[in-house]
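User: I'd like to learn how to read cores, salt bridges and surface patches in a model. Can you walk me through them?

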Amino acid sequence: ILVAYAESGEERSGARAPFDEKLMAAIRKHGKVMAFAHLKPEEMARLAVDEAERLGKKLPPQAAQELVKRNGTDSQQLLQEVRKLALYIGDARAISAADISVMLPPTLDETVWNYLDAVVNGEAAKALSVLRQLERGGSSPFAITPLLARTLRQLLQVKALQARGIRADDEPERFTEEVRAMLPEDSSLYQSKAWARQKLWRQASRLSWRQLQLAHDRLAVMEAGTKGWE
């Protein structure tokens, strides 16, 4: 079995082959090509619950969702985490959200989100604590910078939408042509879950245009520094 992990949504859906056509033709000649999408979050949660039951433990739905959120899309890794949690709780019957928070660190995405949240709320001590957590975890600036940039771009978009009286629960299908043209074609804003959009709206309302501009300028300087520019 030859496994090729997808690097894009098109590859995961099977719309684009992972290799060039000549190699794909050779593979098809001697075998069979199958594409598998990542499991959906609810399917991952069910997988975790079933594995816990197999190990004689109970994993409540809310705890299962938290586990999936921290684990990511790797189903084999998820099974390993459930097995580790089952060992960690010993004779206890159920795996709790508290057990998960001890055994699984937050994802890089979630940690960066928490960092920005602390910054927006003016909680300097908390922001620095989260940065130390990222440093201790070995997170590279090359991994952190794109996540910061994405969230800051989203906040800029939200700020512009707020200036036009648009709320977090307004659907983009109802936007005027002017508003649609204003948003970037690759905007990920409306790919976010409803609760995440509500949070972005709250954050953007606390920030001024000047603060957002300074944040983007400083992010550009930081990124340049990671690439060795004077």
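Predicted model: local features only at pLDDT ≥ 70, side-chain atom pairs only at ≥ 80, totals over all residues.

User: Cores, then. Which residues have the most contacts inside the largest nonpolar core?

Analyst: A nonpolar core is a set of buried Ala, Val, Leu, Ile, Met, Phe, Trp, Tyr and Cys residues joined through side-chain atoms within 4.5 Å. Buried means under 20% relative accessible area, exposed over 50%, and partly exposed in between (1.4 Å probe, protein chains only). Here the largest core has 30 residues, and L148, L155, L161 and W201 have the most contacts inside it. Among the helices that each supply at least two of its residues are α7 (108-120), α9 (141-163) and α12 (209-226); α9 gives the most, with eight residues. Helices (H or I, at least four residues) are DSSP runs numbered from the N terminus, as are strands (E, at least two).

User: What does L155 touch, leaving out residues up to four places away in sequence?

Analyst: Contact means heavy atoms within 4.5 Å. On that basis L155 touches L200, Q203, A204, L207 and L212. There is also a second, separate core of 17 residues, including A52 and I89.

User: How many salt bridges does a search of the whole structure find?

Analyst: Side chains of opposite charge can pair when their charged atoms come close. The cut-off is a side-chain nitrogen of Lys or Arg within 4 Å of a carboxyl oxygen of Asp or Glu. The search finds 12. One of them joins E66 and R70 at 2.8 Å, N to O.

User: Why are E66 and R70 separated by about one helical turn?

Analyst: Because they are four residues apart in helix α4 (residues 61-71). R70 counts as buried because its relative accessibility is 15%. Compare D169 and R167, whose side chains meet at 3.7 Å, N to O: R167 counts as exposed at 52% relative accessibility. Shared partners also link R46, D50 and E53 into one salt-bridge network.

User: And the surface: which residues form a nonpolar patch?

Analyst: I1, V3 and Y5 do, with about 490 Å² of accessible area together. Accessible areas come from the Shrake-Rupley method with a 1.4 Å probe; for residues, only the protein chains shown count as cover. Patches are made of residues with over 30% relative accessible area and no salt bridge, joining like charges within 9 Å and nonpolar side chains (Val, Leu, Ile, Met, Phe, Trp, Tyr) within 5 Å. Y5 lies in the segment before α1 (9-13) and counts as exposed at 71% relative accessibility.

Conventions
Residues numbered from 1 in each chain as written. Heavy atoms only, no water.
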